[in-house]
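Subject: Structure handover

Hello,

Here is the structure you asked about. Please open it alongside this note, and my findings follow below.

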Amino acid sequence: MQPDMQRLGDARIFIDRMAYADLESWHAAAARLRKSNPLPLVEVEGYVPFRAVTLHAHVAEVERNHTLFWNTRDSVLLPRAQIEQSRALGMDIKTLIHMDGAEHRGYRQVTNDWFKPANLRQQLGARLPELARRFVDRMLQQGGECDFARDIALYYPLHVIMSILGVPETDEPRLLELTQKIFGGEDPDVGGIQGDDPVQTIMAALQDMAMYFFGITADRRANPKSDIASTIANGTIDGQPLGDLETAGYYAIVATAGHDTTASSLAGGLEELIRHPDQLRALKEDPSRIPRAVDEIIRWVTPVRHFMRQAQGDYRLGDVQLRAGDWLLLSYLSANRDEAVFENPFRFDVGRRNADEHLAFGIGVHFCLGAHLARMELEAFFRELLPRLDHVELAGKPESMATTFVGGPKRLPIRFRLRPAA
Ligand code: HEM
């Protein structure tokens, strides 16, 4: 470990990707910080100095105050050298999470209605249970043992997202590889990074993705349908069509944000149900509990570990006086175990009354565009899986992704007995 990481003590958990691979220790350190030093200053060579925001109330306060705390182009914590390199190459893609103010409002309004519950029900209401059945059947075909994270969880949300983006199934493996390079980039086991130049790998993947979606844009401009691809391709801001790069960026954010996040929740959710057979039984006995359980699962996993904000003026947050230009890391993972909001936060409880107060989807103007879709996907999967699942247990040690950004289980070996669909 670098000496300045060691000096940081508990606060190193926000910057050391390996800390996220050992979640028990990570959470123990975050719990100590919430008690004794809830806004630690994290200064490590090669990164901008920042305060980590560990309390639920503080994360919500910062996010709601979006005129003072901006996402900026640097809304994800990255080494300075990596940011500079991508700027120099002119390849830093700009999407919703890199925008603020009127620009963000205009851009978001293009797809906001498409992701609302009523439209999602119309577009996907009948299709989702069918897709869930297909992927539970795929589990059945694995013959009683599989790595649920890699064999199943990864593909189901990918298929949902790609089908709403109009990507043919035969192209999905290519898009999967690209989203993993973009999001799982820090963990070589997941991103498949070649050599030691993550910027090149991520940038090349983004460029490939942009090229791929140019074709889809052209098609939907010529033949508009009711899918999200057509909404993006024909979207306008102040009466003007989106530029080609902005259009590609929109596809990229929907494709990447909607995939690994939901896959991690699915695998993390099943892992916890296996570890808590009483909870699994409760859901099997009464499937009407599944929607609340889905929120508890998302709280528990919190696959988006952080986003950054930059103060645009002075502000007092808790006991800390912030100055214009200061950086904050919003730790959703810590906020969702905050004892002040969640009773017994380290208890996985599918009946938790206030599970939906979690901040795993953020809050405020950047609140996750796909939150409802993610919930629908998880609910459909568990509604299909649970009545057919006669037995399930761990068949090896689960492993977590070593990444500071979007992560969850990277391996979940399980043994199971599953019934064919009725
Ligand atoms: C369990 C699954 C998911 C989790 C935990 C998650 C989490 C998040 C978080 C934390 C943010 C930032 C919120 C903020 O800054 O306040 C976000 C933004 C976003 N998410 Fe999700 N997400 C999930 C699934 C999805 C899905 C399925 C989509 C599909 C389209 C999606 C699309 C987006 C987009 C486009 C944004 C940017 C919104 C904006 O900046 O205005 N997400 N998500």
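**What I found**

D238 is exposed, with a relative accessible area of 76%. Here exposed means over 50% relative accessible area, buried means under 20%, and partly exposed is in between (1.4 Å probe, protein chains only).

Before going further: this is a predicted model, where local features need pLDDT of at least 70 and side-chain atom pairs count only at pLDDT 80 or more, while totals for chains, interfaces and linings use all residues. Residues are numbered from 1 along each chain as its sequence is written, and side-chain values use heavy atoms, with hydrogens and water left out.

**Two positive phi values**

D238 sits in the loop between β5 (236-237) and β6 (240-241). Helices (H or I, at least four residues) and strands (E, at least two) are DSSP runs, numbered from the N terminus. D238 is not a glycine, yet its phi is positive, about 50°. Most residues other than glycine have a negative phi. N344 is another case: its phi is near 50°, and it is a residue other than glycine. You will find N344 in the loop between α18 (332-335) and α19. N344 is exposed, at a relative accessible area of 53%.

**Ligand site**

The ligand is surrounded by 30 residues. A residue counts as near if one of its heavy atoms lies within 4 Å of the molecule. The closest are E63, H104, R108, H366 and C368.

Some polar contacts stand out for a look. The term means a pair of N or O atoms within 3.5 Å; within protein, one must be able to donate a hydrogen and the other to accept it, and residues adjacent in sequence count only if both atoms are side-chain atoms.

- H104: a side-chain N or O atom is 2.6 Å from a ligand oxygen.
- R108: a side-chain N or O atom is 2.7 Å from a ligand oxygen.
- A257: a polar backbone atom is 3.5 Å from a ligand nitrogen.

A233 belongs to helix α13 (residues 228-233). It is buried, with a relative accessible area of 2%. A233 touches T217, R220, R221, T247 and Y251, leaving aside residues up to four places away in sequence. Contact means heavy atoms within 4.5 Å. A218 is 15 residues from A233 along the chain, and their C-alpha atoms are 7.7 Å apart.

T403 is in the loop between β12 (399-400) and β13 (409-411). T403 is buried, with a relative accessible area of 1%. Its side chain reaches the backbone nitrogen of F405 at 3.1 Å. M18 is 385 residues from T403 in sequence, but 7.0 Å from it in space, C-alpha to C-alpha.

**Helix packing**

Helices α17 (residues 290-301) and α19 (residues 371-388) pack at about 120°, with axes 9 Å apart. Axes are lines fitted to C-alpha atoms, for helices over the stretch in contact, and angles run from 0 to 180 degrees between N-to-C directions. On the α17 side are I290, P291, V294, D295, I297 and I298; they meet R375, L378, E379, F382, R383 and L386 of α19. That contact has 8 nonpolar, no polar and 4 charged residues. Ala, Val, Leu, Ile, Met, Phe, Trp, Tyr, Cys and Pro count as nonpolar, Asp, Glu, Lys and Arg as charged, and the others, Gly among them, as polar.

The axes of α7 (residues 127-141) and α9 (residues 155-164) come within 10 Å and cross at roughly 145°.

Best wishes
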